[in-house]
Amino acid sequence: MKSMNRRSMVALLGAAPLAGRLLTGTARAASQEDDAPPTKWRVVSSRQRFREVHFPDVVLTTHEGKKVRFYEDLMKDKIVVINFMYAKCEGVCPGITMNLRRVQKILGNRVGRDIFMYSFTLKPQLDTPAKLAEYAEMHGAGPGWLFMTGKPADMELLRRKLGYTNPDPALDKDVTQHIGNVRYGNEALEWWGACPGLAHASAIAQSILWLDWPKGYNRPGKESVNEK
Amino acid sequence: MANISKRNRKREKDREIAAKNRRELIAERFTRRDLLKMGLLTSAGMLIPKMGLSARPLTSAGFVNNTPQSPPTTPFVEDMPRMQVLPPVASLTPAPTIVPNTAAGEGRTVAHQAFAQFPPRKFYEMIQQPGQVSMHPQLPVQTIWGFNGITPGPMIVANYNEPILVRQRNNLPQVGNNGFGFGSVTTHLHNGHTPPESDGFPCFFFTPGQFYDYHYPIVYAGINSTHPGTGDIREAMHTLWYHDHRIEHTAENTYKGLAGTFIQFNEFDTGNENTGFKLPSFPDFDIYMMFNDKVFDSQTGLLAFDQFNLDGILGDKFLVNGKVQPVLHVSPRRYRFRWLDSGPSRFYQFFILDPTNNSNLPFWQLTTDGNFMERPVKVNSCRIAVAQRQDVLVDFTGKQGKTYYIENRLEQTDGRGPTGTVLPAGQGTKILKIVVDGPVVADTSVNFDTALPALPPGQPYFYQFPDTNQPVAVTRTFRFERNNGQWAVNGKFAGDCNDIRFAVKRNNAEKWIIQNNSGGWQHPIHIHFEEFQTLSVNGQPPSAVEPIVRGRQDVFRLEHNQQAVLYFRFRDFVGKLPMHCHNVVHEDHAMMVLWQINDVGDTNPNP
């Protein structure tokens with residue numbers, strides 16, 4: 001059968017993406033109807049590709065009134081700790097923000113130095129930099145922890161790109177059901193993790209430090225205080 | 001011609017155009033407002049159904065779950081690989097020690113509790129390291145992380161009452177992961193009755209440059225308790241697998257290739273079809289198939305892992321034993337297939353499709369999670385969740401010249417779980433092509449069509465189910481919930497190596513009630529250490545749900561609003577263990593409880 005020959009030929013030609021093009025005339029019509037693979041794969045670093053897919057370089061405004069670019073200023077080469085909130089949130093946000101304050105205390109003066117904490121607002125129309133500054137002060141957020149807002153379309157894009165979405169579209173529209181996880185990563189090394197924002201602060205801090213290379217990463221693993 | 005109808009080809013083409021449009025939009029970094037202005041978004045932020053653009057919301061990676069994004073690949077062009085059996089080594093250097101050999105670089109922190117009682121008789125060494133593999137000829141070579149640099153990793157064939165020791169060496173890179181993968185690892189044998197310090201506890205990880213000795217006594221549960229000296233043969237397990245289990249990073253590591261297979265024989269399941277249960281002989285007619293689904297980047301052709309996915313990753317490329325949609329040639333006789341869903345998140349329902357008339361080839365289901373039921377059950381399909389293993393017996397006798405497909409018909413469009421629809425025959429996903437064109441060979445394996453009617457009524461063919469008579473010391477309830485995207489068990493959040501929530505007294509029996517209160521989500525809940533038996537599901541006996549739910553399992557597929565009562569024993573060994581959802585994306589975002597077995601225990605009913 002013509003199709004059997006074509007398939008065997010593809011197998012024989014091995015890994016070459018050009019395989020689809022080197023077919024005989026009689027089989028060519030068939031192959032044009034199927035999606036032939038691209039002739040050339042794009043060569044790009046995984047870090048760059050990840051950046052393209054996940055990190056739009058939108059301009060945001062911090063609670064201190066400073067304008068920053070999401071990738072260039074906030075993410076690049078840093079260890080970051082991310083969450084989403086809004087000032088008037090009466091659900092999970094107060095607890096999570098308080099918890100992150102505990103995390104900040106554990107991490108000490110590294111926050112602002114090589115570990116950066118970012119809270120992004122889910123209500124950019126309401127949460128002006130001044131409102132965010134008020135919120136930061138109310139929760140005692142220390143230096144190195146930025147609360148940010150921006151154009152509503154940009155904040156929404158960021159929310160989706162960073163995975164703070166709900167697969168149920170109805171729940172996704174309801175801001176009170178927003179994702180309460182805290183995400184942390186080492187951007188340069190492409191290490192990422194996340195856990196509930198209400199998990200123990202010591203556990204969150206530990207997970208962040210595991211992404212600190214080489215020291216945190218190579219710390220021995222047992223950690224448990226219950227070790228018998 | 002590829003094996004898709006004209007109608008499907010057009011739909012594939014439309015979807016490909018739509019996906020291409022979407023990629024261009026994202027690459028151009030149009031803001032949401034731009035998309036709204038262009039009339040391509042509803043105010044709810046969803047792409048409108050225009051030119052094939054889907055109405056579903058964009059996920060974090062800019063993908064829409066039910067649209068293919070991976071580059072197209074022609075199915076059924078390569079042979080399905082067979083598992084490579086790992087030979088033991090004559091000795092290990094340095095020699096294994098009971099106490100961790102920290103000076104030599106061992107990352108273990110707890111002494112082997114059963115080493116003196118069960119000294120290893122065979123030694124194995126595996127090196128966790130990067131490898132270059134081809135998953136399909138039309139895709140570029142992929143960099144994976146695998147046991148001995150291959151994926152699936154090498155198969156270990158063990159024998160009951162022959163203890164072994166496996167030295168795992170971590171030669172993964174400290175840094176440099178091509179986008180995903182965390183080189184700090186811990187290896188779990190799923191679901192061995194293993195001393196917990198050798199069980200791959202998520203917090204017992206070791207880093208590149210270190211090694212970790214895993215001691216596997218390969219004994220039946222009860223050996224030091226209910227059935228001293230022998231263990232309870234009714235607790236025999238035969239089809240296992242092993243994989244990375246590093247806390248918070250299990251999904252990326254297993255997805256990157258750190259998984260392999262492990263089988264256990266004894267005097268009944270012998271691997272020789274002329275003895276014992278007379279199941280088809282290993283390895284020629286006893287074939288292990290590891291299924292997983294993956295996504296490949298549309299531009300680079302490389303394996304892609306969405307680091308920011310919280311729900312569950314669904315791939316659009318279906319692999320068996322490391323190859324996309326391969327082909328298996330069989331002889332016209334009986335085969336034992338060992339099926340494993342190695343994830344990351346998808347639920348499957350496998351049928352064996354005869355494409356000439358879209359009928360099903362029925363087959364015998366032998367095991368649940370690799371544990372024999374009392375008798376095999378004849379079925380048209382079998383459901384399998386992440387980490388479950390089902391051994392099946394398929395008879396190709398008299399089918400020379402025919403072609404079949406293992407077809408998945410369970411519809412699933414996002415990480416929450418299947419939609420509930422079982423697609424019609426021929427409209428699912430054909431994952432493996434089976435061609436019955438092998439040589440005619442002798443077949444002396446058991447034929448259940450004749451062997452079962454010959455049995456006295458009520459007599460098992462395989463092992464009896466263990467009794468559930470031991471009085472229960474405590475009944476505990478575990479309520480799985482999702483609050484604002486955060487997984488909670490009994491209202492508490494996890495992901496904490498310091499939080500060992502409760503203690504079971506060694507050799508006690510307990511009832512565990514697992515409840516799914518997470519709304520529209522389904523979860524394969526896995527408990528380490530011993531297999532459980534299901535006493536009830538939503539108040540009904542398990543066989544009323546599905547006959548196979550009666551069998552011994554280590555993963556319970558907890559569906560919407562479901563409650564299951566499980567009977568456990570915790571025999572022979574002490575130490576720390578986890579219970580967790582085996583949708584590895586949920587697991588990493590802390591859908592896990594850490595607990596321990598010790599000689600004191602507690603009676604906390606809601607840990």
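In chain B, 76% of the contacts with a separation of 6 or more are between residues 24 or more positions apart; two residues are in contact if their C-beta atoms, placed from the backbone, lie within 7 Å. This is a predicted model, in which local features need pLDDT of at least 70, side-chain atom pairs count only at pLDDT 80 or more, and totals for chains, interfaces and linings use all residues. Residues are numbered from 1 along each chain as its sequence is written, while chains are lettered from A and ligands numbered from 1 in the order in which they are written.

Chain B has 607 residues, of which 55% count as buried (20 or more other C-beta atoms within 10 Å of the residue's own, with C-beta atoms placed from the backbone). It contains 6 helices and 33 strands, taken as DSSP runs numbered from the N terminus (H or I, at least four residues, for helices; E, at least two, for strands).

An open sheet of chain B is formed by 5 strands in the order S26-S33-S32-S28-S30, with mixed pairing; two strands pair if DSSP finds at least two bridges between them. At its edges lie S26 (500–505) and S30 (555–558) of chain B, each pairing on one side only. Within this sheet, S28 (residues 523–527) of chain B pairs with S30(B) in the antiparallel sense over 4 bridges. B:His523 stands opposite B:Leu558 of S30(B).

Helix H3 (residues 46–54) of chain A has A:Phe50, A:Val53 and A:His54 buried. Viewed down the axis of H3(A), its buried residues fall within an arc of 80 degrees, so they line one face of the helix; the arc is that of the directions from the helix axis to the C-beta atoms. The buried residues of H3(A) pack against helix H7 (152–161) of chain A.

Terms used:
A residue is buried if 20 or more other C-beta atoms lie within 10 Å of its own, exposed if 12 or fewer, and partly exposed in between; C-beta atoms are placed from the backbone.
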